[in-house]
Amino acid sequence: MSDVYGANLYDQYLQAHRHAKAANAQTPTEVGGAVDGSEVELPEGCSSILVCTGVYSRDQQEAPSDVFHGHRDFRFDPGLLRPSFVVHDVKEALELVFQREGRPLE
């Protein structure tokens, strides 16, 4: 749950950066800029992948809404709990990543 939430939160940050940059609204230290004013190259986005191994159970469809172990500066957003992709195992996750990146898996 924390990995999916974190990946989705990072994607939300990246999208905010992209929109701010397009609007020319950010200052160097606010979003995606270094303290010295130089531009930091960020990825276009971040997709979360839930791998159905470990403690994950398909029977538990909803995450507990009364428990949030995030940082106190972040509000809980249940939408960030939904993974971008759900795969059966690690091999399938790697195949998905390589395919999405447009690179052959050898």
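Tyr10 and Tyr13 both lie in helix α1, three residues apart, which is about one turn of the helix; helices (H or I, at least four residues) and strands (E, at least two) are taken as DSSP runs, numbered from the N terminus. The model is a predicted one, in which local features need pLDDT of at least 70 and side-chain atom pairs count only at pLDDT 80 or more, whereas totals for chains, interfaces and linings use all residues. Residues are numbered from 1 along each chain as its sequence is written, and side-chain values use heavy atoms, with hydrogens and water left out.

The count of aromatic pairs comes to two, where rings of Phe, Tyr and Trp (its six-membered ring) pair if their centres lie within 6.5 Å, and planes under 30 degrees apart count as stacked, over 60 as edge-to-face and the rest as tilted. The rings of Tyr5 and Phe76 have centres 6.2 Å apart and planes at 5°, and the pair is therefore stacked. This pair links distant parts of the chain, with Tyr5 in helix α1 and Phe76, 71 residues apart from it, in the loop between β1 and β2 (85-87). Tyr5 is buried, at a relative accessible area of 9%, while Phe76 is partly exposed at 26%; buried denotes under 20% relative accessible area, exposed over 50%, and partly exposed the range in between (1.4 Å probe, protein chains only). The rings of Tyr10 and Tyr13, with centres 6.1 Å apart and planes at 20°, are likewise stacked. Tyr10 is partly exposed, with a relative accessible area of 34%, and Tyr13 is also partly exposed, at 33%.

Ser48 is placed in the loop between α1 (2-22) and β1 (49-51), and at 1% relative accessibility this residue counts as buried. When neighbours within four places in sequence are left aside, Ser48 is in contact (heavy atoms within 4.5 Å) with Val4, Ala7, Asn8, Arg82, Pro83, Ser84 and Phe85. A polar atom of the Ser48 side chain lies 2.8 Å from the backbone nitrogen of Ser84.

A search of the whole structure finds one salt bridge, defined as a side-chain nitrogen of Lys or Arg within 4 Å of a carboxyl oxygen of Asp or Glu. This salt bridge joins the side chains of Lys91 and Glu95, at 2.5 Å from N to O. Both residues, Lys91 and Glu95, lie in helix α2 (residues 90-100), four residues apart, or about one turn of the helix. Lys91 is exposed, with a relative accessible area of 56%, whereas Glu95 is partly exposed at 33%.

Terms used: Polar contact = N/O pair within 3.5 Å; in protein donor to acceptor, adjacent residues only side chain to side chain.
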